[in-house]
Amino acid sequence: GGGSGGGGKRLISEWWTQMDGFWGGNTTRALQQYLNSQRSADQPEFEMLACDATFGPLTIQALQLLLNRTKRELNEQTRDDISLRGNAPKAFHTGDSGGSRRRIAELSELGTNLISRPWLVDDIASWEMLRIDADWNRSTKAALQAFLKLKVSGSKFKVDGRFHQKSSQALQILLAQEGWYRPAVHNTTSIAGHT
């Protein structure tokens with residue numbers, strides 16, 4: 001995985017100041033690349049997306065499928081009490097029959113996120129399984145917000161189904177950390193010659 005983006009190790013506070021929260025073509029293209037990288041190798045739920053910066057039905061549907069898969073994994077993790085015991089998923093102990101080691105590492109990371117940030121539990125509980133209808137509706141937006149709060153530390157927005165600037169910033173941070181998004185370089189010279 002990993003794209004040709006501006007990843008690298010940075011403090012989370014630096015990420016928040018570098019993302020403008022404007023969801024345009026670059027953010028959409030990076031999202032499409034990220035979604036393609038998250039396709040399950042053995043049983044892909046969706047076709048490879050064209051990384052054409054068009055936020056249309058195919059991209060939304062792929063996003064909904066990824067959000068539902070993540071929610072199912074969280075539900076299984078909670079049911080198996082993995083996050084509380086800190087154990088690896090059962091698949092790890094049975095010859096890795098449940099998927100790749102990368103998925104297991106991601107599940108363990110999700111458990112760690114819940115333990116270190118217990119306030120996320122309410123956001124996760126309100127995260128509903130989505131109807132796969134390729135509609136950028138309030139429930140899809142809320143599910144993406146809950147997913148971002150889980151994945152991006154420092155996320156301080158409400159999971160309300162309105163995708164506002166802070167939500168877009170969190171999306172850009174996730175995409176940058178995964179190596180798919182590079183923030184726009186801000187011009188540091190001021191207008192009107194003031195320094």
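These legends describe several close-up views of one predicted model.

Residues are numbered from 1 along each chain as its sequence is written. In this predicted model, local features need pLDDT of at least 70, side-chain atom pairs count only at pLDDT 80 or more, totals for chains, interfaces and linings use all residues, and side-chain values use heavy atoms, with hydrogens and water left out.

**View 1. The protein chain has 9 helices and 0 strands.** Its elements run α-α-α-α-α-α-α-α-α from the N terminus. Helices (H or I, at least four residues) and strands (E, at least two) are DSSP runs, numbered from the N terminus. Of the 195 residues in the protein chain, 45% are buried. Buried means under 20% relative accessible area, exposed means over 50%, and partly exposed lies in between (1.4 Å probe, protein chains only). Contact means heavy atoms within 4.5 Å. Among contacts between residues at least 6 apart in sequence, 64% join residues at least 24 apart.

**View 2. Helix α8 is mostly covered.** Of its 14 residues, 11 are buried. Among them are Thr 140, Ala 142, Leu 144 and Lys 151. The end C-alpha atoms of α8 are 20 Å apart, which agrees with the 20 Å that its 14 residues should span at 1.5 Å a residue. That expected span is 1.5 Å times one less than the number of residues.

**View 3. Gln 145 sits in helix α8 (residues 138–151).** Its relative accessibility is 0%, so Gln 145 counts as buried. The side chain of Gln 145 reaches the backbone oxygen of Arg 162 at 2.7 Å. Not counting residues up to four places away in sequence, Gln 145 also touches residues including Phe 157, Val 159, Phe 163 and Ser 167.

**View 4. Trp 23 and Trp 136 form one of the 6 aromatic pairs in the structure.** Rings of Phe, Tyr and Trp (its six-membered ring) pair if their centres lie within 6.5 Å; planes under 30 degrees apart count as stacked, over 60 as edge-to-face and the rest as tilted. Here the centres are 5.6 Å apart and the planes are at 80°, so the pair is edge-to-face. Trp 23 lies in the loop between α1 and α2, and Trp 136 in the loop between α7 and α8, 113 residues apart. Trp 136 is partly exposed, at 23% relative accessible area. Trp 23, Phe 55, Trp 136 and Phe 163 form one aromatic cluster.

**View 5. Trp 127 and Phe 147 also pair edge-to-face.** Their ring centres are 6.4 Å apart, with planes at 85°. Trp 127 is in the loop between α7 and α8 and Phe 147 is in helix α8, so the pair ties together parts 20 residues apart in sequence. Both residues are buried.

**View 6. The largest nonpolar core holds 36 residues.** A nonpolar core is a set of buried Ala, Val, Leu, Ile, Met, Phe, Trp, Tyr and Cys residues joined through side-chain atoms within 4.5 Å. Tyr 34, Leu 35, Leu 67, Trp 127, Phe 147 and Leu 148 touch the most other members. At least two residues come from each of α1, α2, α3, α8 and α9. Leaving aside neighbours within four places in sequence, Leu 148 is in contact with residues including Phe 157, Ala 170, Leu 171 and Leu 174.

**View 7. Two charged residues sit over rings.** The charged end of Arg 39 is over the ring of Phe 46, 5.9 Å from its centre. Lys 149 lies over the face of Phe 157, at 5.7 Å from the ring centre. A charge sits over a ring if NZ of Lys or CZ of Arg is within 6 Å of the ring centre and within 35 degrees of the ring normal.

Notes
A polar contact is a pair of N or O atoms within 3.5 Å; within protein, one must be able to donate a hydrogen and the other to accept it, and residues adjacent in sequence count only if both atoms are side-chain atoms.
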